[in-house]
Amino acid sequence: MGLNSYLVVSALLFGIGTFAVLTRRNAIAVLMGVELMLNAANLNFLAFWRFLHPAAMEPQVFVLIGLTVAAADAAVGLAVVLNIYRDFGTIEVNRIDSLKG
Amino acid sequence: MHSLPLWLIPIAPLLAAALAGVLALTRRGERAAPALTIAAIALSGLVALGAVPDRPHPLAGTIEATWLSLPGGFQIPLGVHIDPLAWTMIAVICTVSLLVQVYSIGYMRGENGYARYFAYLGLFTASMLGLVVASNLFQLYVCWELVGICSYLLIGFWWSKPSAAKAAKKAFVVTRFGDVGFLLGVLLLVSAAGSFRFDAVTQFVQRIARGELASVPLVSAPVFLTLAPLLLFCGAIGKSAQFPLHVWLPDAMEGPTPVSALIHAATMVAAGVYMVARLLPIFAASPVAMETVLIIGSVTALIAATIALTQNDIKKVMAYSTVSQLGYMMLGLGAGSQGAGIFHLVTHAMFKALLFLTAGSVIHALHAAADPNDLRAMGGLFRRMRGTAVTCGIGVLALAGVPGLSGFWSKDAILGAALANGSPVALAALTVAIIVAALTAFYATRMWMLAFAGEPRSEAAAHAHESPLVMTLPLWILAILSLALGGWLQAGGRFTAFLTGTASAESAPIWLTGLASAAALGGIALAWLLYRAPQTASDPVTRAPGYALFAHLWYVEAFWNAVGARGTLAVGRAVAWFDRHVVDATVDRVGRACKASGQELRRETNGQVQTYAATLMAAVVVVVVIFTLYDRGAAPAQTNPPPIPPVIADARLKPAARMQSPQMRAKTPVALPIPVPSPSVPEGSSNGSNLRNNWGGETQASAYTLFAAHGNGERGDR
């Protein structure tokens, strides 16, 4: 299969995630994109680990922490979205521009 | 007298002027001011009297102190140098200044600024004396400018009158314009000669003229010989009101009449003549320069004389007459005769001051008139102001050059010098001089006739009365001098011998004298005939050929207004346009560019998170690209996973090297693996190169192998 394949997959995932972050109007869809990006990074890390230093254990731990962080991130992000909805009445990111100018 | 120091000559009037200036601030001390300045002048005169150069005197000669000593060996001296030329000038200045100040006591009585007037006069006298006793070019130039300042102050004495203020400004600016050339000439001479002193400079020029020095810094020797005197002459053109810079002198008549008598007839305008006379060896080294002096002198004499014919203001007639006579003096100097030029300076000082003071007497008597200067409103004053009329008549006859009076002798000397020179330019100048003599006689007589003869043409003239003694006494003194001085000086060539040490008498041959006298007498006769009858019709002079040109001042004023005044303003406007539209615009544009770029950049912060995220991603891409391009140690990607390395048997860690099953754990003691950093291989470094070095699968004795062994062991166990 090769290291390259994994790298390509993770790059594609990262790209799709970035696209989602930059383009979607719905805040939750943006968060989904962020998740995708994090997972793509994890996948990338794992690919490098498996093909280059499979005997090591630390990278696995790192990835696990990364997954945990992603989860925490998603939780907090959803909490923020809730508050935004409460304040602005909408979760469309292009309507939330109080910091304009 | 003999024990008084020479430096008192310029300093005494200066101190008196300073004191008078202080008195001007008080109210009651004002009347004492003239006493101070007159006493100072008398003192200067006495000191000078004791320093007559032909008598041995311990203090005559030069006394000098070093004023400034510049690095590089340049000395700027400050000194008093008395030689025949300087002594003559001192005599003239002291006499005329003394008489004018006595006269002014009466003329300026009751005027505002009485003490200020005498302070200025004292300052002027001090500066003029400093000028003529100067031993070096620096002091000469400084005093030159000082007399210019005093002229400005005195012309603009009644500064609240706009025409007077304008005239003062004009005088200063025009003479300053000439002084640019003068300064350049001084600098050229001094930088080449290495010293400011007159004797050093003239000797230097004479050495170049003789061919002893081939080259001079900055310019070649022949150019230097011509350029230096021409530049110096620029100053004389300005100060001595030669064509084309004569335009300030008629306007300077705005000042009080005694000022006109002192400054603009006798002394300040003579400074240029004195300078040329003093530096005549420098001029004589260049035929071009001498010819220039001749030509400009004669042109000035002619133009001014024709203009004087057309004037109706008594002081303007005298002003143009002064310009014309100064041209005569330059003519004499340009012909090569220092004696003739200075002789005419002396006699001219006497009779022109006399004429101005009599004009002042008339103006003072007609003070009630609308324009007291206007000749057309005078007439019949002979009966009412006998003394003034007689002395004025003597002055007119002297100016015209009637045989026997002082003007005759000095003009004769000039004509003789021009004839003796013999060059074509000099002979042309001689012809012009004779024509000018006729014109001079005519306009002077016309002035006298219009003022004193006939019947009064206005109320003020009908009620005129003679001036007080304090004013008429100087008139009589000057009249006696105008009558006698010329003859006395010329007798036996006394003056020339005194001045130059040679005994040659510079008089013209008898036929030339006769011709000039005939011209003068003819002019007087014509004017007498034309103006004898009461003036009912228009002035006969208006029917003269060329009257329009003369009355328009040969358009010289118009020329200077267009070129000098309007030209400078146009240049100023162009520069102002450049400043506003190029310089300021650039600054404005920079500011506006900053503002515009700020506005553009402002659009970037639109408050939307996705925009910021996009910017972030772009930056990340750029960074990655940079890293990719500049990181050349890329290792090839691996297609197959490397084999799992075997268990490393580490003797130190052996007992605890295996993760044991509960059974095994019970059997063997547990020693917790302590990661021991291996000294040979750096551990824990995040340096990518280290990792890359290990891509070949090289293992290291580290804790990682420990766990690998565990894993393997575990797998192996299972």
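Guide: Helices (H or I, at least four residues) and strands (E, at least two) are DSSP runs, numbered from the N terminus. The model is a predicted one, in which local features need pLDDT of at least 70 and side-chain atom pairs pLDDT 80 or more, whereas totals for chains, interfaces and linings use all residues. Residues are numbered from 1 along each chain as its sequence is written, while chains are lettered from A and ligands numbered from 1 in the order in which they are written.

Visitor: Which pattern does chain A follow along the sequence?

Guide: The secondary structure of chain A comprises three helices and zero strands. Read along the sequence, the pattern of chain A is therefore α-α-α.

Visitor: At what angle do helix 17 and helix 21 of chain B pack?

Guide: Helix 17 of chain B covers residues 386-400 and helix 21 of chain B residues 469-490, and their axes, which are lines fitted to C-alpha atoms over the stretch in contact, lie 9 Å apart. The two helices are roughly parallel to each other, because that term applies to angles under 35 degrees on a scale from 0 to 180 between N-to-C directions. The packing angle is about 30 degrees.

Note on methods: Parallel < 35°, antiparallel > 145°, perpendicular 65-115°, else oblique.
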